Every structure is written in C-alpha cells, then in structure tokens.
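Visitor: Hi! I'm new to reading structures, and I'd like to go through this one with you. Could you put it up on the screen?

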Amino acid sequence: MSLAALLLVLLVPLQADVAAPFPKGAAASSEEQATAAACRVLARGGNAVDAAVALHFALAVTYPAAGNLGGGGFMLVHLPNGEDAFLDFREVAPLAAGPDLYRTADGGVDPEASRTGWKAVAVPGAVFGMAEAHRRWGRLPWPEVVAPALRLAREGFVVDEEEAARLAAHADVLRADPVARETFFLPDGRPLPSGARCRQPRLAATLERIAVEGEAAFRSGPLVEELVAASRAGGGVLSVEDFAAYRPELRPVARIPWRDVVVLAPTPPSSGAVFLGQVLPCLEDRPLRRWGWADGRTVNLVGEAEALAFATRNRFLGDPAAMAVDWRDLVAPERVEALCRRLSERRRTPPDALVAPAPGESLETTHFSVVDGAGGAVSCTTTLNAAYGAKVMAPGGFFLNDEMDDFAAAPGAPNQFGLVQGEANAVRAGMRPLSSMCPVVVLRDGEVDAVLGSPGGPTILTTVLQVLLHRYVFRMDPRESVAAPRFHRQDLPDVLRHEPERLDGAARDFLFALGQPLEEVGRLGDVNAIFRTASGRWTPVCDPRRSGAAWRVANPPPAPRAAPEPVRR
Ligand code: DON
C-alpha cells in the first residue's frame, strides 16, 4: 500500500460496516481501548485474527508494562474451517548468547543481569508473530489492523490509576533509561500521574513504519540498527543478524480430550500442553464435585497434581530443539496413569530438592481472547516477562523484554519465579526459553466453547487449570469461574500459595495436618476469557482482580461506529 493510501486509512475513522460478516464477535483484554480496537475491527469485517493483531498492537501502546513490540508470546488460533494452529512468536536467545552469559568470575550467576538492563533482552518476536498471523489468517489490509495502535500512540492515552501506580513503583529504574524518562515522566522527573495524557511520538513513528513496511521494518534498517547500538552501549549482546534470523514457528497444538470437551493447548516451548495433559486426566475420575470446591481434599489433590506436573515441566521441558524427550511421551496415557496412581487427596508429596526462595509478586504479562461470528477464535498470551521487561527502551519508543531470565541461567538454581529448571532449558544461542504461558481454546462438538489464558509466570498454568475446573467441574457461571479465588503449587518452593478467600478454616486445618506449608498472596493471575453460554451467546469476562474490559460486538453493530456493548468495566 502506498503512503498516501495508508494515510487515508489512518485518517478515516473506523466506520461500522453494516454488512460486516462477523458482527457477533467479542473480545476481552486487560485494557479498555485495546478491547475497543478489537471490537471495531470485528465490526468492520475483520476476523478474530485481524482483531487480535489490532489488539496486540494497541496493548503495546496503552499497557506498556506488558503489551509489547519488544517481547513475544503464543497465539492459539481456531479457524472457522475447524483447523487449529499454535503460532509461537516467543523471543529467542541472541546468537551471541551461551551458557556462560550470566556467569560471574567466581563461577556463580548474576541473577540481576538476566532481569534488568540490555543483557537481559532476548530477540523480540512480537512484530514477526503479528505479521505471520495476519499473513496466514487475516482478511483486512495490514495497515488497517495497525491503525488503531498508531492512532493511540499519536493522540495519546490517559494514564489510569493502575498504570500510574505501576510507573511510580518502577520509577527509579525506569528513570535511568533516556527513552523511558522522555516518554513516561513529567519534565520535573515525576512519573506520569493518573489522568495525564501519555503521547508516544517515537512509538507512533515505529508503528507507522510497521504499517507501511510490515515486518521488514524489524528485519533490518534504522529501527534495528538503532536498537542494536543502544544494546551495545548498554552492555547487551543483540546484533542485526539476530533480527534477520528470527522466525516465528508453527508448533503442534495439543488436543486434550477431557470430560465432554477438548482442550487445545500450546506445546513446547510452552509448558501448557504437558501441564494440562498430565493434570486434567489425573483429576478426571476423582470426585472433586462431590467433595466441593472449598474442601481440603479438593485443594490438596489439585495441589499434588500441580506439583507433580511442575516437576516434569522443570526437569524435561525447554525449546523443543533442546529437549531430550518428546513432549508427547510426557503425556502418553501409560505415563499419566502411573503418575495419577501416586496421587491421593490424603497425602502430601514433599519435593525432594532444596527449597528455593518464593517467587516475586509484581510481574506482568497479559492475555487476551477474541472470537468472531464465523466460529474463529484467538487466545493470545504476550509478555515482556517482568513489568516493563528489562526496563530499557529502544530508540523506537518501546520496552524490551527480560525473557532471558526464563532460561535456567544456571540449571538447578531458581529464576525470578523460584522455578528450578534443567539442562533442557539452559541458555543456548537461537533457542527459546521455556514458558508457562498457556493460551487455551476449549471446543465442544468442534465449536469454540471457551477461550482463556492469564499472566502470572508459573501461576499461569494453575490459574488456567483452575478456571477450567471452576467452569467444567464445579459448573460455575462465566464470571464466577474467573472471579473465584485461586491457589498455586509448583514443585519448588514447597509451599501452597493462595488468595485470601480461597481456604476456609476446615481446608486450612486439613492441609496443616498434611504438613502443607501455606502462604497467602494478594492475587494470582489476570484472566481475560470468553465463554459460550447455554443460549449460544458469548460472555466475555475479564478478571475482577484488575481493571480490564470485556465487550461483545453488538449485532447488528450500531452505526456509525461499532460501539461495543459493555459487559463489565
Ligand atoms: O513465559 C513465561 O513463563 C514468563 N515470561 C511469563 C511471565 C509472567 O507471566 C509475568 N507475569 N505476571
């Protein structure tokens, strides 16, 4: 598309197209304007993939702590023709990275180096991933799906209380980055307060390039050269070759038959398929519903299954090219049955390794869900890893991830989530670090029944599992399924972390008697989901733990704008 044509697209407000073929979609994300962008794209005839790409780019503007151009993620797609796909656009280790990248002179590891600053940055896959998704499955012209983000970057978005609090919490480290300081701080050095308008001209210029040139803007040329120069100056190891070499990958989709539905889950480098593929079958024949959601037996048994699956995850999983075993063998029925036999609601299995420090709390990633009226669905989890990633910004106006910390910097030593992982996940050039991100789609009779996912590092897996249990075992309605308090167990550290309302006195006593260490935490996860209800209607839900937005696209969409129908704010 020519620049003139592009400008036309950008300047013309998105009009509702009454003849749009997919007027019945819905979207849920952690940020209102991003959800609105997706709904408008659906209302003007875009499919779920078009809407998801628009939403991803919009989050990069309005949710800078987790939305991104400088990160990566996983997209699970269900197409109207019944096909499923898993697009892996996760970051990879730079070509100059190796197992000693974070080693110190005395043979230890420097944990901070894989978390903050340019050395923590892996090669971002987000722009390549969006371009690939759109090329394969999109139907609107590319500039149209980039346009909402471009407009938000140019015109600015109003900083809400959550964003202001996040900026304030990270102000000291963010202020040190010249681009972050210019973008997110007042001239007097205070972080932007709630109510301030945040305009991002550098990001707007980058998005404009992406709208015109597509992913080529991220392969070579000034954006890449300036980013690589900033990385070098900051002690990082990114090179222009890294951007030329990056490839998004189509990976197998795991189909996990469970009860009367099929759960579609992402395979390595996601741990979703192995985690859900072990836990769901193990819990299938246990009387959870009879015991009840609040019962100590339910909590213990689910916790046992979670911890057991984490032990598998941490030992065997990584980039599939570095794994000694095939993920399919880890979820083979004989193996899963043998694991299940070890589980009892009345026994607690302590991990056999040393206790690692508890994972930190203030971490970000984000998940969004989109469905269209033709039967298509996108479940996408995307991340910079920690809030604002490595806390460094490209000259092009976007944050870079600290995804290198998802590798086992030293196999056997805990990362920022307390995960103790193995050789399969050691730092290797060009490899993807193991991930807990687990976007899922649930099918019933071949039709989309639910789309969901969450941020939360390792708690993503247990959050997704528990929302599935809430909805399909405990038969909660969509909102309750997401709102109901959750808990989390991984193999190490040896503790069951729970939200305040999750354990009543009796459940707590039951777990104490089994010797289960407990830890109350503020919140676990931030689910943005869409469920089909008995009437066949979409119910998009966002987590009451944070302030997202979930909207249905009205049918038919009211003219002149496709005003989305609010479900909750
Ligand atoms: O891929 C992973 O497992 C992590 N990078 C996800 C980080 C995360 O969810 C932090 N958020 N709350």
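Visitor: Which atom of the ligand does a backbone N or O atom of Gly456 lie 2.9 Å from?
Guide: An oxygen atom of the ligand. Keep in mind that this is a predicted model.

Visitor: How much of the ligand does the protein bury?
Guide: Taken alone, the ligand exposes 340 Å², and 98% of that is buried by the protein.

Visitor: And where does the ligand sit?
Guide: You'll find the ligand in the largest cavity.

Visitor: How many residues surround the ligand, and which are the closest?
Guide: There are 15 residues around the ligand. The closest are Thr365, Glu403, Asp406, Ser435 and Gly457.

Visitor: How do the residues of that shell divide into nonpolar, polar and charged?
Guide: Five are nonpolar, six are polar and four are charged.

Visitor: What does the side chain of Asp406 have by the ligand?
Guide: An N or O atom in the Asp406 side chain is 2.5 Å from a nitrogen atom of the ligand.

Visitor: And how far is a polar side-chain atom of Arg90 from an oxygen atom of the ligand?
Guide: For Arg90, that distance is 3.1 Å.

Visitor: New topic! Which cysteines form a disulfide?
Guide: Cys282 and Cys340 do, with their sulfur atoms 2.1 Å apart. The count for this model comes to one disulfide.

Visitor: Is that link left-handed or right-handed?
Guide: The link of Cys282 and Cys340 is left-handed, with -95° about the S-S bond.

Visitor: Now the backbone. What kind of peptide bond joins Pro268 and Pro269?
Guide: A cis one, with omega about 15°. Pro269 is placed in the loop between strand 8 (261-266) and helix 13. Another cis peptide bond joins Leu492 and Pro493, where omega is about -5°. Pro493 is in the loop between strand 13 (487-488) and strand 14 (496-498).

Visitor: Why point those out?
Guide: Because most peptide bonds are trans.

Visitor: What about Tyr388: is its phi positive or negative?
Guide: Positive, at about 60°, although Tyr388 is not a glycine. Most residues other than glycine have a negative phi. You can find Tyr388 in the loop between strand 10 (377-383) and strand 11 (440-444).

How values were computed: Residues numbered from 1 in each chain as written. Predicted model: local features only at pLDDT ≥ 70, side-chain atom pairs only at ≥ 80, totals over all residues. Heavy atoms only, no water. Near = heavy atom within 4 Å. Polar contact = N/O pair within 3.5 Å; in protein donor to acceptor, adjacent residues only side chain to side chain. Areas by Shrake-Rupley, 256 points an atom, 1.4 Å probe, with all protein chains shown as cover. 1 Å grid on protein atoms, 1.4 Å probe; cavity = no way out; pocket = protein on both sides within 12 Å on 5 of 7 lines; lining within 4 Å. Sits in = over half its atoms within 2 Å of the grid points. Nonpolar A, V, L, I, M, F, W, Y, C, P; charged D, E, K, R; others polar. Disulfide = S-S within 2.5 Å. Helix = DSSP H or I, 4+ residues; strand = E, 2+ residues; numbered from the N terminus.
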